[in-house]
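This report looks at surface charge, aromatic contacts and backbone angles. The model comes first.

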Amino acid sequence: MSDALVSAILQQLTTIIYEEVKQEVKLVTGVGKEIKSLESNFKSIHALLDDAEEKQMKDESIKIWLERLKEVCYDIEDVLDEWNTAPLKLQLDESDQKNFSLIKGKVCGLFLSCFSCGPVVHRRGIALTIKGINERLDEIAKDKDRYQLISREVRQPRRVESTSFAEVSKLHGRDEDKKRLIDSLLCGNSDVKTISIVGMGGIGKTALAQLVYNDGAVMAHFDKKIWVCVSRVCDSRNVAKAIIMGLAEPDRASASALNLDSFTLQGLLEKICEDSERKKVFLVLDDVWPDESESWESFNQAFKPAALGSRILVTTRNDTVMDTMKSSDVFRLEQLSEDVCWRILSQEAFVGRGDEQCKNLEDIGKNIAKNCGGLPLAAKTLGSMLRSKKTREEWTNILNSEIWELSLKAVFAPLFLSYFDLPSAVRRCFLYCSTFRKGVEIERDVLIYQWMAQGYLNPSQNPEMEITGLEYFECLAARSFFQDLKTHEDGSIRACKIHDIVLDFARFLMGNEFVVKEFHPLDDHMRVELSSEKTHHLLVVLTENACFPTSLVGAEKLRSLSIFKSDHAEEDETGNLLIQPEHLRSLICRGDNINEFPEEVGKLMHLKLLDLSHSKLKGLPEAICGLLNLQSLFLQWCYFLEGLPDKIEKLVNLRYLDTTGSCPPTIYHPKGIGRLTSLRALRGLVVCCDHNDNKKFSLGIWKTCATFVFWLMKPDVRSWKEKYISRNYS
């Protein structure tokens with residue numbers, strides 16, 4: 001995550017320096033030097049972050065060092081936001097409405113001059129802020145030498161090598177999966193066939209493969225069985241050598257191993273081809289990752305001489321592997337039931353206990369098993385922990401206390417492998433998923449626009465940030481971080497859910513950066529208090545009949561605030577709560593008890609996403625038009641909304657506008673929407689067919705958007721119907 005933060009900042013600093021040289025503009029006295037110093041410090045640190053990210057798992061001091069670095073990164077992001085916003089605001093204030101469409105193209109060239117040649121935007125204050133940040137970064141850069149960090153390629157945490165041996169008596173809940181898999185392995189005498197077991201980390205893919213590998217019918221069916229643990233750090237030559245040793249007769253295996261070191265990969269593949277001829281082979285490749293699957297075609301060809309009916313079984317957590325290896329049969333493992341999790345947990349926890357003692361702990365243990373989320377690995381880990389807890393009181397303390405956090409690394413070990421395999425930029429996106437409520441359905445596009453609001457989708461790499469977000473989303477989906485996928489008619493993913501265990505894993509990694517607060521009707525205090533200055537994301541949940549909190553304490557660093565209310569939460573003032581976190585990038589406030597929104601929202605200059613869906617708002621304050629960085633505006637199912645602000649054209653960075661289910665169909669939207677040249681998607685708009693109307697939004701802006709879902713209203717007919725038009729981003 002730190003790596004992605006630093007990379008994004010380096011891109012912005014490079015742009016500033018480039019513009020200074022390009023336009024021959026001298027920055028405010030001292031600022032240019034400070035910016036170049038910032039860039040130098042960030043570059044020296046950036047090269048070591050991969051090493052630091054991994055070592056922090058074992059070294060608390062490195063973890064603290066990374067946290068200091070992240071705080072500096074957040075602060076410099078805020079300054080750069082102000083830097084980029086100030087000239088845009090200046091020109092908007094000085095321009096006539098007819099020039100708004102030209103503003104975006106001029107901004108890049110203007111922002112440097114605005115900081116160097118006029119009494120604008122507190123130049124001296126910004127210079128001092130940058131200098132102060134640079135001094136903090138100097139200290140961090142110096143401290144890095146203490147930790148003996150090295151510049152290297154990303155290495156993943158070492159995975160314990162799997163074997164073909166499984167304790168069958170301890171495997172539960174996979175009988176049907178085992179039967180179907182064995183039928184697929186033994187059915188028919190076709191050419192070599194590849195079969196994949198796909199599922200999230202900890203779901204039991206390896207255990208199922210072990211169960212099948214050691215089945216009597218399977219052992220009798222094949223001439224040769226070979227088990228190879230591929231894992232994340234893989235060498236094709238080592239895989240090939242392991243296969244050759246498996247094909248060799250037992251008395252020749254040692255000699256074969258000694259003679260293989262001098263072989264090239266081509267020579268090893270030829271050896272596989274020779275040794276597998278006319279043998280019915282069963283090869284298991286456990287824990288295959290995308291990087292290794294791409295070289296599979298060569299291995300596949302090497303097995304061509306094998307006897308008909310030979311089979312290759314692959315376990316993976318990534319759909320890409322399944323496709324690349326051309327799997328003919330795919331087995332997707334689902335989560336286990338609570339009863340099965342309890343059987344796994346109790347089998348571990350009750351070792352050495354008498355029947356009476358087991359019976360005394362059973363009711364508590366079943367409740368603990370509910371926290372396993374259907375993952376056999378989690379059940380086994382928790383059972384092992386509970387084995388040392390002898391009394392009912394100890395088990396009750398575990399059920400009700402924070403001891404879960406002390407065991408998270410053990411429970412999440414498989415997920416750590418998947419997490420560290422992600423590109424750094426995608427890791428940030430995954431961690432942000434911790435801000436969602438458990439069990440909710442997450443719309444893909446909504447999630448992507450929230451990533452965009454946090455600055456996770458770097459526009460310098462691809463100005464169509466939606467495409468980058470889609471790639472990141474699909475990357476996470478393919479690695480089983482998402483589940484319960486729902487698709488459009490064309491097969492693309494529309495929505496998903498995140499398993500509770502995966503969400504807990506993300507929150508564990510976020511630490512103090514994310515906090516969730518739940519309010520109940522009997523709570524005697526109505527303010528949100530944040531105890532850590534490092535909290536950047538806050539989720540507030542109001543239960544039935546709970547009142548809206550009146551204030552936030554310690555929220556100065558918040559970058560996202562999400563407030564969700566039940567249908568029967570009390571109506572209350574939202575103003576004081578919403579305007580306090582001045583550095584917010586994302587503000588989500590949903591609930592049908594919101595009937596007004598404060599003008600002070602215009603002070604949130606960093607705000608990029610605003611979601612007021614399902615509210616009773618009749619209108620939006622004109623101050624919203626001052627949110628010059630706003631990219632996404634969600635107003636879904638606001639039944640009482642009477643229209644959008646007249647000066648909406650000032651939102652020159654707006655990319656997504658959704659008023660689905662809002663506004664009566666007889667009320668048109670303002671003409672200014674047509675001047676929003678950054679728009680990529682419009683949904684639920686009321687469209688006027690009369691191009692000559694000076695106030696109403698008409699069909700003339702089609703070419704500025706990629707996707708439309710709108711209400712079409714003809715001037716002479718009091719009827720309306722929904723229309724949908726889509727243009728691919730490509």
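E600 has a relative accessibility of 35%, so E600 counts as partly exposed. The model is a predicted one. E600 sits in the loop that runs between β14 (586-590) and β15 (609-611).

**Aromatic pairs**

A pair of aromatic rings is described by the distance of the centres and the angle of the planes. The model holds 15 aromatic pairs. One of them joins F430 and F505, with centres 6.0 Å apart and 40° between the planes, a tilted arrangement. F430 belongs to helix α23 (residues 424-432) and F505 to helix α26 (residues 500-510), so this pair ties together parts that lie 75 residues apart in sequence. Both F430 and F505 are buried.

Y432 and Y456 also pair, in an edge-to-face arrangement. Their centres are 6.1 Å apart, with 80° between the planes. Y432 is in helix α23, while Y456 is in the loop between α24 (444-453) and α25 (465-478). The two are 24 residues apart, and the pair links distant parts of the chain. Y432 is buried, and Y456 is buried too.

Elsewhere, one aromatic cluster is formed by Y213, F222, W227 and F282.

**Helix α26 and its end**

F505 is one of the buried residues of α26. I501, V502 and L503 are buried there as well. After α26 comes G511, with a positive phi near 60°.

Most residues other than glycine have a negative phi. Q148 is not a glycine, yet its phi is positive, about 55°. K326 is another residue other than glycine with a positive phi, in this case near 55°. Where do they lie? Q148 is in the loop between α6 (123-143) and α7 (175-186). K326 is in the loop between α15 (319-324) and β5 (329-332).

Is Q148 buried or exposed? Q148 has a relative accessible area of 65%, which is over the 50% cut-off, so Q148 is exposed. K326 has 60% relative accessibility and therefore counts as exposed.

The table gathers the accessibility values.

| Residue | Relative accessibility | Class |
|---|---|---|
| E600 | 35% | partly exposed |
| Q148 | 65% | exposed |
| K326 | 60% | exposed |

Key:
Residues numbered from 1 in each chain as written. Predicted model: local features only at pLDDT ≥ 70, side-chain atom pairs only at ≥ 80, totals over all residues. Heavy atoms only, no water. Helix = DSSP H or I, 4+ residues; strand = E, 2+ residues; numbered from the N terminus. Buried < 20%, exposed > 50% of the residue type's maximum accessible area, 1.4 Å probe, protein only. Phe/Tyr/Trp six-rings, centres within 6.5 Å; stacked < 30°, edge-to-face > 60°.
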